[in-house]
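User: Can you take me through this model? I'd like to start with the covalent links and then move to the strands.
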Amino acid sequence: MQNLRKQLNNNFTRILLPSLLIIFMGVLLTGCNLGVPSAPTVVSTSSTLPPFDPTTTSVLPPSDSPEPADTASPVVDPTEPQPTVTTIPQAEVLPNPENYIFSVFAEGLAAPVFLTHAGDGSGRIFVIEKVGRILIFEDGTRRDTAFLNIAGEVNSQDSERGLLGLAFHPNYPETPYFYVNYTDLNGTTVVSRFQVSAEDPNTADPNSEKVLLKISQPFANHNGGMVAFGPDGYLYIGMGDGGSGGDPQGNAQNPQSLLGKMLRIDVDNGDPYAAPADNAPNALPEIWALGVRNPWRFSFDRATGDLLIGEVGQNAWEEIDFLPAGISSGLNLGWNYYEGTHEFQGQPSAELQFVSPIFEYSHSGGQCSVTGGYVYRGETLDAWQGVYLFGDYCAGVVWGALQGADGSWQIQEMFSVGQPIASFGEDEAGEIYLVSLSGTILKLVSQ
C-alpha cells in the first residue's frame, strides 16, 4: 500500500484546507460510533488519501479520446464589442455568526426531510414529509392541502426510507413536471416524474406518475434519496451503496451496479430517459461518478455550478466532497477503499485515482452523520455570499466553508441549533433554511 500511496501522491498536488423518529438519520446513518469528544478534524496533508487534482480525472481504464483541441488564445479585435464579465459576489472571510441566527420559520411538521422551491417566480416553498407528503408554504403560511400525497405508496417505517427527494424541472411550469425519489412498499428505490394539475398550480396530479428508475435495495439503510438538476439540465441522483455496513456487496466500486453512485440522466429525451453520452466510461450508462457510501444531500452552487456532496461515513469519519463545475464524469470518491481520507478496506489497483474531501470530521462530541447543504446566494445577507453551510445530524452543529481565490478553504463551526439536521434547503431567492426531523424548519437571518 505504501507503493500505491507514493504513486498516488506523485499524481496529485497538495491537499486543500480545507440524535422515536428522530433516530432517522442517526442510523443513516448507521455505523456511527460516537467516540471520545475531540475537535472536528480538517483534512490535512498527513492523511492517507492524497489530495484531489481537478486536472486529473481518470478513475477507470481510459477509453479512446480525441486529440486535444488547439488551445491557443484567439486574437481580440479591440474595435469589436467585448462580452460583459460578470463578477460573482463572494465574501473574503467567514462572517461572525454572533450577528446571525437560525430563526423558526415553521413548526409542527411530521418528520420533514427536505425543502426546495419550484423556480417559477411564485416564491412558494415546498417541504417533504418523510411519510410521503409534499407541503406548500406560501408567504410563510402553510397551505391546508398537500401538494402531493403518495403515503400509500411509500415505505416510511424504516428509519432511512420514505419520500426523500424532490426536484422541479428547470423549465417549470412551462414543462409541468417534478421528480421525486422514494422507497416503495417493497423497499425499492423509485425515481418518478409527476405532473402538476392543469387546474390548480398548488395541487399535483397523483395519477400522473411515470416511473423512470427502480433500483433494488439489498438492505434498509443507505438509500441516498437526493435528486437535483445540474447546470447542464440533467437530473442527478444520489444512490447509497445498498446498506448494511462496509459495503459488503462491493457496490460502490462496481461499475455495473447503480448503488454507491452519483447517477445522471437526461429526462428531456428518451423514454423514460436517455443517458448522457459523456457519463462515466466503461460503466452502466446512468453512472456519472463512483465510490460513494451514502450521499446525504448534495447541491449545485447556483452561481458557479460547483457540486458539493455530504458523504456519510462508516465508523469514524464524515466528509464533504467538492467537484468544480465542468469536471469530467467518471470520478471516484473512494468508498470503500477509503472512509474520508483514511484507508478502510481493500487495496485499489494502481490505475485508480480518487477525489479526496475538502473537509472531514470525526465521530466525537456526539457527531455521527454529515448533512450536506447549500452555498448561500441570497440577497439579504451579503456577508454570507459564497459560504457553504452544512451540518451534523446528531450534534446539531452547522459549519460554514468558504473557498478563497487561491483554492484554499476556510471552514469552521458557526452554529449549534440543538436539533437533528435532516436537511438544508434554499428558497427561490437563495435564502437558506435548515430542516429538523423533529418537525421544525429554521431560516438563517440577521439579528
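This is a predicted model: local features need pLDDT of at least 70, side-chain atom pairs count only at pLDDT 80 or more; totals for chains, interfaces and linings use all residues.

User: How many disulfides does the structure hold?
Analyst: There is 1 disulfide in the structure. Cys368 is joined to Cys394, with S to S at 1.9 Å.

User: Which hand does the link of Cys368 and Cys394 have?
Analyst: The link is right-handed, with 70° about the S-S bond.

User: And where do Cys368 and Cys394 lie?
Analyst: Cys368 is in the loop between strand S21 (359–362) and strand S22 (370–375). Cys394 is in the loop between strand S23 (388–392) and strand S24 (397–403), so the pair ties together parts that are 26 residues apart in sequence.

User: Is Cys368 buried or exposed?
Analyst: Cys368 counts as buried because its relative accessibility is 1%, and the cut-off for buried is under 20%. Cys394 also counts as buried, at 15% relative accessibility.

User: OK, on to the sheet. What is the order of its 4 strands?
Analyst: The order is S22-S23-S24-S25 in an open sheet, and the pairing is antiparallel.

User: Which strands stand at the edges?
Analyst: S22 and strand S25 (409–416) do. Each has a single partner strand, so one side of each has no neighbour in the sheet.

User: What does the twist average from one strand to the next?
Analyst: The average is 25°.

User: How many bridges join S23 to S24?
Analyst: S23 and S24 run antiparallel and are joined by 4 bridges.

User: Which residue in S24 does Gly391 stand opposite?
Analyst: Gly391 stands opposite Val398.

Conventions:
Residues are numbered from 1 along each chain as its sequence is written. Side-chain values use heavy atoms; hydrogens and water are left out. A disulfide is a pair of cysteine sulfur atoms within 2.5 Å. Helices (H or I, at least four residues) and strands (E, at least two) are DSSP runs, numbered from the N terminus. Buried means under 20% relative accessible area, exposed over 50%, partly exposed in between (1.4 Å probe, protein chains only). Two strands pair if DSSP finds at least two bridges between them. Axes are lines fitted to C-alpha atoms, for helices over the stretch in contact, and angles run from 0 to 180 degrees between N-to-C directions.
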